[in-house]
Amino acid sequence: MHTPNLANPDSSQTVSVHDTGSHAEVAPGDIAVGVVIGRASEYFDFFVYGIASVLVFPSLFFPFLGKLEGTLWSFAIFSLAFIARPIGTVTFMWIQRRWDRSTKLTIALFLLGTCTAGIAFLPSFGTAGSLSIVLLSLFRIGQGIALGGSWDGLPSLLALNAPKERRGWYAMLGQLGAPVGFIIAAALFAYLNTSLPRADFLDWGWRYPFFAAFAINVVALFARLRLVVTHEYARELGEHELEPTPVLELFQAKGRHVVIGAFAALASYALFHIVTIFPLSWILLYSDQSVSQFLVVQIVGACLAAGAVVASGLIADRFGRPRTLAALAAAIAMFSGFAPTLLGSGELGQDVFILIGFVLLGLSYGQAAGSVTANFGSKYRYTGAALTSDLAWLIGAAFAPLVALGLCAHFGLGFVGVYLLSGAVCTMAALGVNRALNIRS
């Protein structure tokens with residue numbers, strides 16, 4: 001979700017913060033703890049909402065529509081967080097400049113927890129009518145604003161402090177939060193969906209994952225504050241100029257690099273929801289396979305994705321991040337050719353689609369964040385990395401479930417392949433443009 005920067009070749013040593021022995025050493029492993037905790041909590045929250053948007057919200061908030069139309073409207077609300085996220089980033093960057101990083105992070109995560117808990121208490125359409133839909137939309141927008149504001153700079157600090165020969169390894173640590181968050185969220189929903197009668201699940205069972213997400217956000221808040229407010233971390237963030245800059249100034253100076261960075265990760269971000277949220281909706285609407293059984297297959301896929309994320313660090317350190325991303329974009333392009341056939345081939349084909357898709361997702365997503373943020377330099381790295389991530393999510397993933405389900409339901413599964421292919425082409429084009437600009441400069 002956030003983009004670490006691997007920009008500074010001169011910062012290849014573990015940073016030691018000391019003057020007269022009064023300051024502790026800041027090691028990459030210590031920073032990695034904060035990064036993994038923060039990202040895992042955010043992704044759990046992310047997937048709790050995403051899974052509920054398929055299994056719960058169409059019936060709860062759109063009972064007056066057919067199953068397909070209700071799911072499409074649920075996905076439309078799902079996309080609101082990604083639209084609001086850049087707004088949150090800009091707003092909370094101002095808050096940080098006006099006050100400080102800990103104030104910004106506290107407000108952002110408090111807002112995230114409040115909106116998540118608020119969703120858990122929402123009445124159904126049958127109880128509150130259209131007001132329930134309005135409240136769901138407002139809470140979803142609040143989640144997006146809060147996620148934009150929760151950027152703490154730790155992934156960039158981790159990348160800058162990583163040994164030069166192990167930057168790919170450290171870059172993937174934050175990305176591990178995605179499969180970990182999905183595994184926990186999917187397991188919780190699978191258990192509740194299996195254990196409870198359908199009526200009870202729709203009445204109160206689905207609310208428990210949102211309560212859990214709220215509790216995890218509270219723990220993550222204190223874990224992250226414990227890092228960012230210490231003198232050692234504040235000093236390191238300042239020395240690396242990991243401070244917010246005005247957005248207008250950023251786009252005037254580095255606007256094209258923000259755009260290139262967003263498109264460079266598009267293959268991975270396009271695949272993200274095509275193997276997590278969209279296929280769950282397709283199975284529910286157009287397959288005889290049990291939803292709980294399919295969630296178990298997705299959990300297995302996410303475990304494979306976690307291993308692939310780790311492998312991506314080793315591969316990137318061996319062959320370089322741009323080459324790794326380009327090769328995986330080509331692999332996703334090939335996958336797009338037979339993905340529709342697999343999805344339309346019954347349970348076995350659908351399961352194979354999920355497992356292969358998750359492996360490709362882990363390999364590509366493990367190195368997608370901050371792949372070209374060396375272009376920002378020190379001054380614009382902090383704000384540039386955050387907005388690049390926001391735009392990548394908005395362009396590549398925000399509307400993926402909505403577009404994929406709508407097109408496939410009306411025109412056939414071939415459009416899944418078209419969507420994935422477009423993302424792969426954009427990634428290869430952006431990496432090519434970035435390489436050409438670097439050669440020219």
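This is a predicted model: local features need pLDDT of at least 70, side-chain atom pairs count only at pLDDT 80 or more; totals for chains, interfaces and linings use all residues.
Residues are numbered from 1 along each chain as its sequence is written, and side-chain values use heavy atoms, with hydrogens and water left out.

Grid points were joined across faces, edges and corners, and a volume is the space filled by probe spheres set on the points. On this basis the model contains five cavities of 30 Å³ or more, and the largest cavity has a volume of about 80 Å³. The lining of the largest cavity consists of Phe47, Ala178, Pro179, Phe182, Phe272, Thr276, Ala305, Val309, Phe358, Leu361, Gly362 and Tyr365. At least two lining residues are supplied by each of helix H10 (177–195), helix H17 (291–319) and helix H19 (346–365), where helices are DSSP runs (H or I, at least four residues) numbered from the N terminus. Helix H19 provides the largest share of this lining, four residues. By class, the lining of the largest cavity comprises 10 nonpolar, two polar and no charged residues, with Ala, Val, Leu, Ile, Met, Phe, Trp, Tyr, Cys and Pro counted as nonpolar, Asp, Glu, Lys and Arg as charged, and the others, Gly among them, as polar.

The second largest pocket (a pocket being an open set of points with protein on both sides within 12 Å along at least five of seven lines) holds about 250 Å³ of space. It is lined by 16 residues, of which Pro58, Ser59, Lys67, Arg198 and Leu284 lie nearest its centre. Helix H1 (28–55), helix H2 (57–61), helix H3 (67–78) and helix H16 (278–286) each contribute at least two residues to the lining of this pocket, and H3 gives the most, with three residues. Nine of the lining residues are nonpolar, five are polar and two are charged.

On the surface, Phe121, Trp204, Tyr208 and Phe211 form a nonpolar patch with about 440 Å² of accessible area together. Such patches are made of residues with over 30% relative accessible area and no salt bridge, nonpolar side chains (Val, Leu, Ile, Met, Phe, Trp, Tyr) being joined within 5 Å, and accessible areas come from the Shrake-Rupley method with a 1.4 Å probe, with only the protein chains shown counting as cover for residues. Phe211, located in helix H12 (residues 207–228), counts as partly exposed because its relative accessibility is 32%; residues are classed as buried under 20% relative accessible area, exposed over 50% and partly exposed in between (1.4 Å probe, protein chains only).

Four salt bridges are present in the structure, each defined as a side-chain nitrogen of Lys or Arg within 4 Å of a carboxyl oxygen of Asp or Glu. Arg39 and Glu42 are joined in one of them, with an N to O distance of 3.9 Å; both residues lie in helix H1, three residues apart, about one turn of the helix, and both are buried. Another salt bridge joins the side chains of Arg85 and Asp390 (2.9 Å, N to O). This pair links distant parts of the chain, Arg85 lying in helix H4 (residues 80–98) and Asp390 in helix H20 (residues 377–396), 305 residues apart, and both Arg85 and Asp390 are buried. Arg101 also forms a salt bridge, with Glu243, the closest N and O atoms being 3.0 Å apart. Because Arg101 lies in helix H5 (residues 101–120) and Glu243 in the loop between helix H13 (231–239) and helix H14 (247–264), this pair ties together parts that are 142 residues apart in sequence. Arg101 is buried, with a relative accessible area of 9%, whereas Glu243 is partly exposed, with a relative accessible area of 32%.

Helix H14 also contains Gly255, which counts as buried at 13% relative accessibility. Gly255 and Gly384 are separated by 129 residues in sequence and by 8.8 Å in space, C-alpha to C-alpha. In helix H18 (residues 321–343), Ile332 is buried, with a relative accessible area of 0%.

Methods
On a 1 Å grid over the protein atoms alone, a cavity is a set of points where a 1.4 Å probe fits but cannot get out, and a pocket is an open set with protein on both sides within 12 Å along at least five of seven lines; lining residues have an atom within 4 Å of a point. Patches are made of residues with over 30% relative accessible area and no salt bridge: like charges are joined within 9 Å, nonpolar side chains (Val, Leu, Ile, Met, Phe, Trp, Tyr) within 5 Å.
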